[in-house]
Amino acid sequence: MSVNKFPPKPKYDPDTGPVYLYGLHTVRAALDNPRREKRELLVTPNALGRLKETGPVGGLKIVETTPKELDRLLGADAVHQGAALEVEPVSRFGLNDISPLKLVVVLDQVTDPHNVGAILRTACAFGAEALITTQRYAPRETGVMAKAASGALDLVPLIEVRNLGDTLELLKKHGMHVLGFDSEAPAPLGPRAGGQALAIVLGAEGKGLRQRTRELCDEMVRLDMPGPIKSLNVSNAAAIALFAATAGGK
C-alpha cells in the first residue's frame, strides 16, 4: 500500500492564519498598492498570464499551483480564479492622515466580513475618503472581505477606532454633518444640499445604531421604502444611503 509522503496541508483558518487575498481583481489591487506588504503569490500559469496583462507582478516570490490546491487551501467556496496572494494586513490610517474629508462611511459594530467588504466597494464607487470601523466587534481582514470589496480594500483607507463616540465628535470638528440611518427614525431622508461634507453612519443588522451613537448624530433618518419590508441588509442600505445622501451634490 503506497503512502502519501506529502499529505495536504490542513485547511487554512481565515480567523487565525495568514491573510490570503484571492481573485484576479482583488490580487491586482493589492499588487498595485505600494503600502501593502506582500509575501508570496500562489498562482496557476493561466492566472499569472492574466495578471501580467493588467500590470507588473513585481519581485515577490511566485509559487505555481493548481486550482485544486487552491481549493484545498482556501476552501471550495472561495472564488479564487487561480490566484491567491499572501499578505500582511492592509496599513491602517488615522483621521489626521486623510484630507480633505468630504464623505466617509462609519460602521457601528458591523461584524460580517461580506457586508464590510461590500460596503467598502460601494464607498469606493461613491468616492468616499475612508471607511471607519470599531476596533472591537468588527471583522478581521480576510480574503472573504477582500473578495466582497473587489479591490476596494486596497483603494479606500480603512480606519479602526477605539471610541466611536470620540471619533464622531472629531468628524464634527472637521465640519462634517453626521447622518445616522435607522429604519425606525422619525424622518425620511430628503434631498441634501450640494457640497455638504457627510459622515454616513450605519449600524449592525438587528441591533442598529447604539444609543450613544444615535445621540451624537446631527440627524437621524430612515430610507423611505413603500413596500412591506422596511429594513435592508446593511450593505444594500449603504448603497442606497450613499446614493440618496450624495445625489444633491451631483
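Arg92, Val116, Thr133, Ala138, Pro139, Glu141, Met145, Leu158 and Glu160 line the largest cavity of this structure, which is a predicted model. The volume of this cavity is about 50 Å³. Sorted by class, its lining comprises 5 nonpolar, 1 polar and 3 charged residues. The structure contains 1 cavity of 30 Å³ or more.

Of the 250 residues in the chain, 49% are buried. The chain exposes about 13100 Å², and carbon and sulfur atoms account for 52% of that area. Where contacts join residues at least 6 apart in sequence, 77% of them link residues at least 24 apart.

The nonpolar interior can be considered next. In soluble globular proteins, nonpolar side chains tend to be buried together. Here the largest nonpolar core has 49 residues, and those with the most contacts inside it are Leu41, Val105, Phe181 and Ile200. Helix 8, covering residues 234-246, makes the greatest contribution to this core, with 6 residues. Apart from this core lies another, of 23 residues, which includes Val106, Ala130, Ile132 and Ile159.

When neighbours within four places in sequence are set aside, Val105 is in contact with Ile119, Ala123, Ala128, Ala130, Leu131, Ile132, Ile200, Leu202 and Leu242. Among these partners, Ile200 is itself one of the residues with the most contacts inside the largest core, while Ala130 and Ile132 belong to the core of 23 residues.

Methods. Residues are numbered from 1 along each chain as its sequence is written. This is a predicted model: local features need pLDDT of at least 70, side-chain atom pairs count only at pLDDT 80 or more; totals for chains, interfaces and linings use all residues. Side-chain values use heavy atoms; hydrogens and water are left out. On a 1 Å grid over the protein atoms alone, a cavity is a set of points where a 1.4 Å probe fits but cannot get out, and a pocket is an open set with protein on both sides within 12 Å along at least five of seven lines; lining residues have an atom within 4 Å of a point. Grid points are joined across faces, edges and corners, and a volume is the space filled by probe spheres set on the points. Ala, Val, Leu, Ile, Met, Phe, Trp, Tyr, Cys and Pro count as nonpolar, Asp, Glu, Lys and Arg as charged, and the others, Gly among them, as polar. A nonpolar core is a set of buried Ala, Val, Leu, Ile, Met, Phe, Trp, Tyr and Cys residues joined through side-chain atoms within 4.5 Å. Buried means under 20% relative accessible area, exposed over 50%, partly exposed in between (1.4 Å probe, protein chains only). Helices (H or I, at least four residues) and strands (E, at least two) are DSSP runs, numbered from the N terminus. Contact means heavy atoms within 4.5 Å. Accessible areas come from the Shrake-Rupley method with a 1.4 Å probe; for residues, only the protein chains shown count as cover.
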